[in-house]
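Student: I would like to learn how to read a structure like this one. Please show it to me and begin with the terms.

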Amino acid sequence: MPQQPSAALDTIQIRYRISYLTFLRMMAWKRQRPVTMSVACNTLLNNALDEQGITRDPAVLLGAKEKPVG
């Protein structure tokens, strides 16, 4: 299956890329909200990464270092 941006994934594509029980838990969460599967997947993944203390800062993730100004 060719790689696609997450926004383009449909329910079937997401379902077969992750474990079935995780898929069922995500569907239960999504059922209570008017969001797409892509938004549900992105939201839950972000929440899990935040709980683990994984930064959202692209510079830190890419290992970039700040250059002193001046």
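Tutor: Contact means heavy atoms within 4.5 Å. Helices (H or I, at least four residues) and strands (E, at least two) are DSSP runs, numbered from the N terminus. This is a predicted model, where local features need pLDDT of at least 70, side-chain atom pairs count only at pLDDT 80 or more, and totals for chains, interfaces and linings use all residues. Residues are numbered from 1 along each chain as its sequence is written, and side-chain values use heavy atoms, with hydrogens and water left out.

Student: How many helices and strands does the protein chain have?

Tutor: Four helices and zero strands. Along the sequence the pattern reads α-α-α-α.

Student: How do I describe two packed helices?

Tutor: Use the angle between their axes and the distance between the axes. Axes are lines fitted to C-alpha atoms, for helices over the stretch in contact, and angles run from 0 to 180 degrees between N-to-C directions. Here, the axes of α2 (residues 20-31) and α3 (residues 37-51) come within 10 Å and cross at roughly 105°. The two helices are therefore roughly perpendicular (65 to 115 degrees).

Student: Which residues of α2 and α3 meet?

Tutor: Phe23, Met26, Met27, Trp29 and Lys30 in α2 meet Met37, Ala40, Cys41, Thr43 and Leu44 in α3.

Student: How do I read a salt bridge?

Tutor: Look for a side-chain nitrogen of Lys or Arg within 4 Å of a carboxyl oxygen of Asp or Glu. This structure holds one. Arg56 pairs with Asp50, with the closest N and O atoms 2.7 Å apart.

Student: Is Arg56 buried or exposed?

Tutor: Buried means under 20% relative accessible area, exposed over 50%, partly exposed in between (1.4 Å probe, protein chains only). Arg56 is exposed at 53%. Asp50 is partly exposed at 38%.

Terms used. Parallel < 35°, antiparallel > 145°, perpendicular 65-115°, else oblique.
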